[in-house]
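This report walks through one protein model, element by element, for a reader who is new to protein structure. Please keep the sequence and the model in view while reading.

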Amino acid sequence: VSFIIALLQNQITMPTPFQFKIQNHWDLESAQTEKQSGGSLKTHQVFLEHGKEIQVSAAKPFKGDATKYNPEELLMAAFSSCHFMSYMYVCQQAGITLLKYEDKVEGSLTLNPDGSGAFTKMVLQPKVWIDHASQKIQAEDLHKQASKLCFIANSCAFPIEYKVEVLVT
């Protein structure tokens, strides 16, 4: 009963669910045509919401088409982008003006003898430019807070490292 009263008094907030949908399409005829033109049988289309489409294949080491996106790079891109947006948010909350942001991401994937595999580590190397030297340490520390807010980081089962560099212009 006290839980319901606290919930009604907005003292307890419930998680807010969101849904995201994509469609993945592959067919043998299209794949064979792709293969004949130098591509890979693993090439397929991923249709995102609002009509956006991306061409995806396996990574080159897994007999994929290197000219297409691959799931491993897409995961790393999603992770880097999510951290950036979380970092932008915490900087804004802290009154830090972010002038420029760059990131290099390295992911380590281990392939097992049975053909399964998993990322075993991801390293983000964000390089940030701000305009006040007095905020440099705070800008460095905010990456920890951003990592706690990042949806993708919170969904990953592998260790994540951050090698942060903050520059003042």
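How many bridges join strand 1 to strand 2, and do these strands run parallel or antiparallel? Strand 1 and strand 2 (residues 44-47) are joined by 3 bridges and run antiparallel.

## About the model

The model is predicted, and for this reason local features need a pLDDT of at least 70 and side-chain atom pairs count only at pLDDT 80 or more, whereas totals for chains, interfaces and linings use all residues. Residues are numbered from 1 along each chain as its sequence is written, and side-chain values use heavy atoms, with hydrogens and water left out.

Helices (H or I, at least four residues) and strands (E, at least two) are DSSP runs, numbered from the N terminus. Two strands are said to pair if DSSP finds at least two bridges between them.

Strands of a sheet pair through backbone hydrogen bonds, either parallel or antiparallel.

The N-terminal end of helix 2 is capped by Asp27, which has a side-chain oxygen 3.3 Å from the backbone nitrogen of Glu29. This is a polar contact, meaning a pair of N or O atoms within 3.5 Å; within protein, one must be able to donate a hydrogen and the other to accept it, and residues adjacent in sequence count only if both atoms are side-chain atoms. Just after helix 2, Gly38 takes a positive phi of about 95°.

Ser40 is found in the loop between helix 2 (28-36) and strand 2. Is Ser40 buried or exposed? Ser40 has a relative accessible area of 4% and therefore counts as buried, a word that stands for under 20% relative accessible area, with exposed meaning over 50% and partly exposed in between (1.4 Å probe, protein chains only). A polar atom of the Ser40 side chain lies 3.0 Å from the backbone oxygen of Lys63. Not counting residues up to four places away in sequence, Ser40 touches Ala31, Glu34, Lys35, Ser57, Lys63, Gly64 and Asp65, where contact means heavy atoms within 4.5 Å.

## The mixed sheet and its helices

Another open sheet has 3 strands in the order 4-7-9, and its pairing is mixed. Strand 4 and strand 9 are the edge strands, each pairing on one side only. Strand 4 and strand 7 pair in the antiparallel sense over 4 bridges, and Lys100 stands opposite Trp129 in strand 7.

Helix 3 lies across strand 4 and strand 7, running at about 165° to strand 4, while helix 4 lies across strand 4, strand 7 and strand 9, running at about 150° to strand 9. Helix 3 has 24 residues and reaches 34 Å from its first C-alpha to its last, close to the 34 Å expected; the expected span is 1.5 Å times one less than the number of residues. Helix 4 (residues 136-149), with 14 residues, reaches 20 Å, close to the 20 Å expected. The buried residues in helix 4 are Ala139, Leu142, His143, Ala146 and Ser147.

## Nonpolar cores

Which residues make up the largest nonpolar core? It has 11 residues, namely Tyr87, Val90, Cys91, Ile96, Tyr101, Val128, Ile130, Ala139, Leu142, Ala146 and Val166. Helix 3, strand 7 and helix 4 are the elements that give two or more residues to this core. A nonpolar core is a set of buried Ala, Val, Leu, Ile, Met, Phe, Trp, Tyr and Cys residues joined through side-chain atoms within 4.5 Å. A second, separate core of 10 residues includes Cys82, Phe119, Leu124 and Phe158.

## The hairpin

Strand 5 (residues 105-111) and strand 6 (residues 117-124) run antiparallel and are joined by 7 bridges. These two strands form a hairpin with 5 residues between them, and Gly115 in the turn has a positive phi of about 95°.

Key
Axes are lines fitted to C-alpha atoms, for helices over the stretch in contact, and angles run from 0 to 180 degrees between N-to-C directions.
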